[in-house]
Amino acid sequence: MATNTYVAHAPGYVDNDGPKIVTRRFADPESHTLERYLATEGYDGLRKAMSMAPAEVANLVKDAVLLGRGGAGFPAGVKWGFMPPVWPRYLVVNGDESEPGTYKDRLLMERDPHQLIEGCVIACYALGLNQCFLYVRGEMALAQERIAQALNDAYANNFVGKGILGTDVDIDVVLHWGAGAYIVGEETALIESLEGNRGMPRLKPPFFPAAKGLYLKPTIVNNVETLSNLNWLLINGADAYKQYGSEKSPGTRMLAVSGHVKRPGVYEVEAGNISFRDLFYGENYCQGIRDGHELKMFIPGGGSAPWFFGDQLDLKLEASDVGAAGSMLGSGALVVMDDSTDAVRACLRLVRFYARESCGKCTPCREGTSWEEKILERILDGHGRQEDIDLLLSVGAQISPGRYPAASFEDAGLSAVPFPPRQTTICPLGPSSVAPIVSAIRRFRSEFEAKIVLDHGDHDEVDHDHEDNHDGHGHAHDADATAVAAGGH
Ligand SMILES: Cc1cc2nc3c(=O)[nH]c(=O)nc-3n(C[C@H](O)[C@H](O)[C@H](O)COP(=O)(O)O)c2cc1C
Ligand code: SF4
């Protein structure tokens, strides 16, 4: 039963009123154990699947329009259909979750590891393969521990391994611990890492993992939440699944909300049916911006997504609507920032993340993200130059040429630039660093200008002027002080 409160043993999760598919066991403190899982329809989805032909299971997933939850929102059933008739073939589970603001997969792995393992085995059965690799982010110690225990129990009880449920189906699931790198969440970098190489993305096209992935064999990479839907979906069917959510985004999805709302947390929601306003201000969800403050901006889909503002609050959380409005729902991570937030500083925090996580394989990202970081740092340190705003945009344009996606800003008569961005890079990490820059400059240019007091070359001269100036011409000093205060240094 929904309690509409935080759940002590699932820190970060809010058990709100609304349909539950993947979080329905979270309220139980023992939800991670095999005993509790079996008492709550655990492995019934697998039994159902194994009573069907593999192709029927794949068709059911296709009929349900189960959208991938890792970021791109590609339908799982359609992706599964891309595998050529080549064996061996593999399933790889992406549990590397590290997009800034995202913390939903960790909860699924910690609170309901059997649900994920069951999803893996159902997918392997549907895809006619018998080897799955479950890649879990290095820092997620509890998730790794719980999955390891759950896997041992599942093997011991014949839900995984040889002759599953007394049939002649053999499926192995290997738990692989990452070393903690954001870029390894990108599916080809994850595959490289699994192969024992440095986690760097592969160029695609020509080959996508479904055709040539792990060991250059057909490989499906799916997100943890995507596969966690399969237990419920197999038991209840595609029609029941489609009763929830919208036509384009059936079912539910997990959203991780952080920042300046009264009740941040992970919510399971019928995404296409609610708006950002419902989510941030609704009693059943985040209950509004913290007292005494107003919304300034929000990131609708993880750190890589262009920012939204008050103008976008009434948009539904529907991928196509959000894309047309200039951003993305991505990994389901929403970061809310109120009017106390320094836009330049927020921008730097995000850019710094991408600069440090860049794998360095391609020049525009390796060099460009570091330049973006350095320029933002000097602006915040009070050493910004007049040309720095244009320089930031120009460096961004080397990484992502053309008009970068952005939200409309009606007051200024700016219209939306639809998502996705173009890229000169191998993967979208480089362009992700441009999102905060373009968003912040387009909307809060005056905040940048306020910090760029004087041309850096004039700085010494101005300070000197001030020292010598005892007759009230203290403009340079005053402006400098303003910049320092605004920069917080
Ligand atoms: C830089 C980068 C990081 C990513 N990180 C993750 C991640 O942590 N988890 C994830 O599931 N997908 C991540 N993705 C998306 C994956 O490449 C892939 O599309 C996804 O795992 C496919 O699963 P799905 O179809 O079930 O959504 C990332 C993509 C990029 C470009
Ligand atoms: S865009 Fe960045 S992270 Fe992606 S491959 Fe190039 S250097 Fe690596």
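Predicted model: local features only at pLDDT ≥ 70, side-chain atom pairs only at ≥ 80, totals over all residues.
Local features need pLDDT of at least 70 and side-chain atom pairs count only at pLDDT 80 or more, while totals for chains, interfaces and linings use all residues. Residues are numbered from 1 along each chain as its sequence is written, and chains are lettered from A and ligands numbered from 1 in the order in which they are written.

The protein chain is assigned domain 1 (20–242), domain 2 (253–338) and domain 3 (343–451). These bounds come from an automatic or database domain assignment. The C-alpha centres of domain 1 and domain 3 are 34 Å apart. Contact (C-beta atoms, placed from the backbone, within 7 Å) links 10 residues of domain 1 with 8 residues of domain 3. On the domain 1 side, 8 of these residues are nonpolar, 1 is polar and 1 is charged. Here Ala, Val, Leu, Ile, Met, Phe, Trp, Tyr, Cys and Pro count as nonpolar, Asp, Glu, Lys and Arg as charged, and the others, Gly among them, as polar.

The largest nonpolar core holds 147 residues. Such a core is a set of buried Ala, Val, Leu, Ile, Met, Phe, Trp, Tyr and Cys residues joined through C-beta atoms within 7 Å. A residue is buried if 20 or more other C-beta atoms lie within 10 Å of its own, exposed if 12 or fewer, and partly exposed in between; C-beta atoms are placed from the backbone. L91, V92, C120 and V121 touch the most other members. Leaving aside residues up to four places away in sequence, V92 touches F133, Y135, L190, I191, L194, L214, T219 and V221.

Helices (H or I, at least four residues) and strands (E, at least two) are DSSP runs, numbered from the N terminus. Helix 3 (residues 54–63) buries V57, A58, L60 and V61. They lie on the same side of helix 3, because they cover an arc of only 155° around the axis. That arc is taken over the directions from the helix axis to the C-beta atoms. The face turned away from the buried side carries the exposed residues A55 and E56. Cover for the buried residues of helix 3 includes helix 2 (44–50), helix 4 (76–80), helix 6 (113–127) and helix 10 (230–242).

Ligand 1 has 24 residues around it, and G68, G70, G185, N223 and T226 come nearest. A residue is near a molecule if its C-beta atom, placed from the backbone, lies within 6 Å of it. Helix 4 and strand 6 (219–223) each give two or more residues to this shell. Strand 6 gives the most, with 3 residues. The shell around ligand 1 has 8 nonpolar, 9 polar and 7 charged residues. Ligand 1 lies between domain 1 and domain 3, because both give residues to its shell.

Ligand 2 is surrounded by 15 residues, the closest being C359, C362, C365, T425 and C427. Helix 14 (363–380) and helix 16 (429–451) are the elements that give two or more residues to this shell. Its residues divide into 9 nonpolar, 4 polar and 2 charged. Domain 1 and domain 3 each supply at least three residues to the shell around ligand 2.

Most residues other than glycine have a negative phi, and most peptide bonds are trans. V65 has a positive phi near 50° and sits in the loop between helix 3 and helix 4. V65 counts as partly exposed because it has 19 C-beta neighbours inside 10 Å. L165 also has a positive phi, of about 50°, in the loop between helix 7 (141–156) and strand 5 (172–177). A cis peptide bond joins K204 and P205, with omega about 5°. Another cis bond joins P205 and P206, with omega about 20°.

Terms used
Contact = placed C-beta atoms within 7 Å.
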